[in-house]
Amino acid sequence: MRNLILDIFSLRRAQSKHIGTAMASKYVKSGLTLPEAIDIREKIRYAFEYDKIYKSNTLCLNDLSAYINKDRYKVSQVLNEYLSKNFYSLINQYRIAEAKDLLLNHPFLSVKAVMYEVGFNSKTSFYSAFKKETGVSPNDFRSLTGSFAS
């Protein structure tokens, strides 16, 4: 059993090292400096947390790059290397956080209204992203958390 556990940890370490090497080689010629990466990360955070650009149902990586006035490939690199997320994971994280807030604090809003309000176009993608983030459907989330708020 001990050997099995050691083998698993060794495999994970090797995979992690391989992924880190692949990531490093992917961006080896990007020219992104640490101060520039920090600046881009902060601009992304501001655009999402304060300007709430994730609410646009047509938002894409090119739009985000233009919004913060940075090169697309550098924005992508910051997302992948410094935030450990791809663009769609990040956008869904913000959308679902806001959806949870709306579901809790605005019980008069339908789930469909919440879905559109936070930037989703499709019920399927909303439910899938919501369940991935929370483990339950939006309706179940509202029911379960609503009972605690009472």
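Modeller: Let us begin with burial. A residue is called buried when its relative accessible area is under 20%, exposed when it is over 50%, and partly exposed in between. Please keep in mind that this is a predicted model.

Colleague: By that scale, is Lys74 buried or exposed?

Modeller: Lys74 counts as buried, because its relative accessibility is 11%. This lysine lies in helix H4. The side chains of Lys74 and Glu36 are joined by a polar contact of 3.1 Å. Beyond its neighbours within four places in sequence, Lys74 is in contact with Ser30, Gly31, Leu32, Glu36 and Ile40.

Colleague: Where is Ser76 found, and with which residues is Ser76 in contact, leaving aside neighbours within four places in sequence?

Modeller: Ser76 is also a residue of helix H4. Its relative accessibility is 19%, and Ser76 therefore counts as buried, since the limit is 20%. Leaving aside neighbours within four places in sequence, the contacts of Ser76 are with Tyr27 and Leu61.

Colleague: How many helices and strands does the protein have?

Modeller: There are 8 helices and 0 strands. Of the 150 residues in the protein, 29% are buried. The accessible surface comes to about 9,700 Å², and carbon and sulfur atoms account for 54% of that area. As for contacts with a separation of 6 or more, 60% join residues 24 or more positions apart.

Colleague: With which residues is Phe87 in contact, leaving aside its neighbours within four places in sequence?

Modeller: Phe87 is in contact with Phe48, Leu59, Cys60, Leu61, Leu64 and Leu79.

Colleague: At what angle do the axes of H2 and H3 cross?

Modeller: The two axes cross at roughly 105° and come within 10 Å. Angles of 65 to 115 degrees count as roughly perpendicular, and H2 and H3 are therefore described in that way. On the H2 side, the contact is made by Ile40, Lys43, Ile44, Ala47 and Phe48, and on the H3 side by Leu64, Tyr67 and Ile68.

Colleague: Let us finish with the backbone. Which value does phi of Lys52 take, and where is Lys52 found?

Modeller: Phi of Lys52 is near 50°, a positive value in a residue other than glycine. Lys52 is found in the loop between H2 and H3. Lys52 counts as partly exposed, because its relative accessibility is 33%.

Colleague: What is phi of Asn69, and is Asn69 buried or exposed?

Modeller: For Asn69, phi is near 60°, again positive in a residue other than glycine. Asn69 lies in the loop between H3 and H4. With 66% relative accessibility, Asn69 counts as exposed.

Technical notes:
Residues numbered from 1 in each chain as written. Predicted model: local features only at pLDDT ≥ 70, side-chain atom pairs only at ≥ 80, totals over all residues. Heavy atoms only, no water. Contact = heavy atoms within 4.5 Å. Helix = DSSP H or I, 4+ residues; strand = E, 2+ residues; numbered from the N terminus. Buried < 20%, exposed > 50% of the residue type's maximum accessible area, 1.4 Å probe, protein only. Polar contact = N/O pair within 3.5 Å; in protein donor to acceptor, adjacent residues only side chain to side chain. Areas by Shrake-Rupley, 256 points an atom, 1.4 Å probe, with all protein chains shown as cover. Axes fitted to C-alpha atoms, helices over the stretch in contact; angles between N-to-C directions. Parallel < 35°, antiparallel > 145°, perpendicular 65-115°, else oblique.
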